[in-house]
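Here's a short tour of one protein model. Have the 3D view open and follow along.

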Amino acid sequence: MNLPGYYSTGQFAKMADVSVRTIRFYDRSGTLKPSYVNENGARFYTDADLVRLQQILLLKYLGFSLEDIRNMTISQIDYSHLLSSLHLQHKLVQDRIEQMQTVSDSIEETIAELSRHQDAKDFDWKKMLDLIHLTGMENSLASQYQNSSNLTARIDLHTRYSSNRQGWFPWLWSLLKLEDDMQVLELGCGDGALWTQNTLPHPCRLQISLSDISDGMVRDARRNIGLSSNENSPFRYYTFDCSHIPFPDDSFDLVIANHVLFYCEDLRQVLEEVRRVLRKGGRLICSAYGSHHMQEITQLVQEFDSHIVLSADHLYERFGLENGKEILAGCGLFSDVTLNRYEDSLNVTDAQPLIEYILSCHGNQNRYLIDRYREFSLFVEEKVRGGFHITKDAGAFTCL
């Protein structure tokens, strides 16, 4: 029996130019389940499944494990998600090319240096071995892909449904009060959205140092903003842990930490480093969430399955709107701390962006949703019918 828009396992395998055995393996492993199974157990696939198979085969080609691939291709494919996924896949391939080029350069240097030695036993191989290990290829790329995908999902939900049309990054920009010749440091710059969603003065006489603990995020920022090799660019890019800021004392007029401090294990150490690199009269702008931020999403997933925890840590307890001023003023490093609140909320009318956001969280949700994805999708669709209100509770501290 032919179903319009559905392909048998054999037809689907032929369309994808892979073996039926491969399709059955992905089915058994839960990596690519068929869209429909009839009463006789026959499997049928759709064009959307073909898109997901494209993702799977590319990630397999790039060396990812089956477990990584399952986690990276769990969600359904709609048009906007497809474009986002393809952009991320393209970035992933670019990252792989950059890493392989680094290794290639290392091999060339090794050949040149080895040719100057009479005996290979006299040659120090450690430099090359360290470089290859530092690339951390599969694990690093998997983490970077997931970080970029998660960030895209979160930004997309806020962009589509925020009641405050100014937007978070333009609002935060208004607090910076940038002036000519300022030296600026951003900790945890992510993909550089603060700078791509706002406009620098022209000509720009600022010097802006962007940093993140993730090499992948720094690469994203560099690509999105522009290469630091451009001598006219005000931007320089660095990878470091903000508990050890590699700049001299009194280096900056402004330090920005946008949703960063609640991740810091030793917050006191980070604040001491910030104070050290700030000049006299310099400012720290640091943002945080409150305890009610996005609380309806937690309630939603726990109604579906009480085992799901979207975040293992209540980050606002470490540093949030409720305790942030006390922490910043009580550390003895800043004389004046002011809280600026960002008034906003979400009214979500489409299930897919909300599902993408949930899958992007740093919790255990994938463990419970991979095998119940379709059931969860229907559950969320029912919840958002007529609109789903989500509280936003965020703001930023200005510290002098």
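## A ring to start with

Is Phe247 buried or exposed? Phe247 is buried, with a relative accessible area of 16%. That puts Phe247 under the 20% cut-off for buried. Keep in mind that this is a predicted model.

## Pairs of rings

Let's look at the aromatic rings as a whole: the structure holds 19 aromatic pairs. One of them joins Phe25 and Tyr26, with ring centres 5.8 Å apart and planes at 50 degrees, so this pair counts as tilted.

## A cluster of rings

Some rings gather in a group. Find Trp173, Trp195, Phe235 and Tyr237 in the view: together they form one aromatic cluster.

## Helix H3

Now for a helix. H3 runs over residues 47–61, which makes 15 residues. From first C-alpha to last, H3 reaches 21 Å, close to the 21 Å expected at 1.5 Å a residue.

Which residues of H3 are buried? They are Asp49, Arg52, Leu53, Gln55, Ile56, Leu58 and Leu59. When you look at such a list, remember that an α-helix has 3.6 residues a turn, so residues three or four places apart point the same way.

Technical notes: Residues are numbered from 1 along each chain as its sequence is written. This is a predicted model: local features need pLDDT of at least 70, side-chain atom pairs count only at pLDDT 80 or more; totals for chains, interfaces and linings use all residues. Side-chain values use heavy atoms; hydrogens and water are left out. Helices (H or I, at least four residues) and strands (E, at least two) are DSSP runs, numbered from the N terminus. The expected span of a helix is 1.5 Å times one less than its number of residues. Buried means under 20% relative accessible area, exposed over 50%, partly exposed in between (1.4 Å probe, protein chains only). Rings of Phe, Tyr and Trp (its six-membered ring) pair if their centres lie within 6.5 Å; planes under 30 degrees apart count as stacked, over 60 as edge-to-face and the rest as tilted.
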